[in-house]
Amino acid sequence: MTSMNPAPNLVLVGPMGAGKTSIGRRLAEHFALAFVDADREIEAQAGASIATIFECEGEAGFRARERATLARLLEGEGQLIATGGGAVLDAGTRTLLRTRGFVVHLQVSVDGQLQRLSRDRVRPLLQQGDREQILRDLAAARASLYADVADLVFDTEGLAAGDAARRLGEQLQAAWTRGAAA
Ligand code: S3P
C-alpha cells in the first residue's frame, strides 16, 4: 500500500537507532523543509520527558499523546517529520502518514541498533531487560506495519548520518514529488 505522491511532507519511520533524527535533520536541510522530531513535540506538549510520561501514564498514555501529536503535525506541510519507532502501531496514524506524507522506512539490523543505542539510558522500552530480545520482538511485531506505510525503504546499516542523508537525498530527488496531497 503506497502513499500519495505528490505528498506535502517527508516522513521517516523505523525502529529506534535507525537514524531517523540524525539523518532527518540533514535531509530537512537538503530539501529546505522544517525539521520536526515527533518525540520532542510530544515532550514539549506534555511538559515532561518521554520517560516520565511512560512512568506516569504508561505506554498507553504515551501512545495516545503520540497519536494526537502526529495528527496535528500531519495537518501541516513542508515538514520533515521524524517519528518514534512505535508511531506505526496506530491504524489511524498509518492512514494519515500515507495520505499526508511520502514515507521512508529507515532500516537497520538489531546488531546495528544495539551499537547505536549502547549508551542510551532514557528510552523506556530499552530499560526493561534483554535489549537484544526486546529489539528482536519489536522488529518482528512491527515489520509489516512499516511495510504498510513505506513508499521507500532505505538501509542505514553502517552508514554515517551524513552519507546516509546524501544517498537517501539522491533517491528521494527521483522518487518524491513535493506538493499537495490528493
Ligand atoms: C519508541 C521509540 C522512541 C520513543 C519511545 C517509544 C518505540 O522513539 O517514541 O521511546 O516504541 O519504538 P525513537 O524511535 O525515536 O527512539
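## Terms and model

A salt bridge is a side-chain nitrogen of Lys or Arg within 4 Å of a carboxyl oxygen of Asp or Glu. Helices are DSSP runs of at least four residues, numbered from the N terminus. The model discussed here is predicted.

## Salt bridges

The structure contains eleven salt bridges. One of them joins the side chains of Glu43 and Arg40, with an N to O distance of 2.8 Å. Why are Glu43 and Arg40 separated by about one helical turn? Because they are three residues apart in helix H2, which covers residues 38-46. Side chains of opposite charge can pair when their charged atoms come close.

## Ligand site

The ligand sits in the largest pocket. Its surroundings include Met16, Lys20, Asp39 and Phe62. Arg63 is also there, along with Gly84, Gly85 and Gly86. Arg123, Pro124, Leu125 and Arg142 belong to the surroundings as well. By class, this shell has five charged, four nonpolar and three polar residues.

## Polar contacts and cover

On its own, the ligand has 390 Å² of accessible area, and the protein covers 95% of that.

Note on methods:
Residues are numbered from 1 along each chain as its sequence is written. This is a predicted model: local features need pLDDT of at least 70, side-chain atom pairs count only at pLDDT 80 or more; totals for chains, interfaces and linings use all residues. Side-chain values use heavy atoms; hydrogens and water are left out. A residue is near a molecule or strand if one of its heavy atoms lies within 4 Å of it. Accessible areas come from the Shrake-Rupley method with a 1.4 Å probe; for residues, only the protein chains shown count as cover. On a 1 Å grid over the protein atoms alone, a cavity is a set of points where a 1.4 Å probe fits but cannot get out, and a pocket is an open set with protein on both sides within 12 Å along at least five of seven lines; lining residues have an atom within 4 Å of a point. A molecule sits in a cavity or pocket if more than half of its atoms lie within 2 Å of its grid points. Ala, Val, Leu, Ile, Met, Phe, Trp, Tyr, Cys and Pro count as nonpolar, Asp, Glu, Lys and Arg as charged, and the others, Gly among them, as polar. Helices (H or I, at least four residues) and strands (E, at least two) are DSSP runs, numbered from the N terminus.
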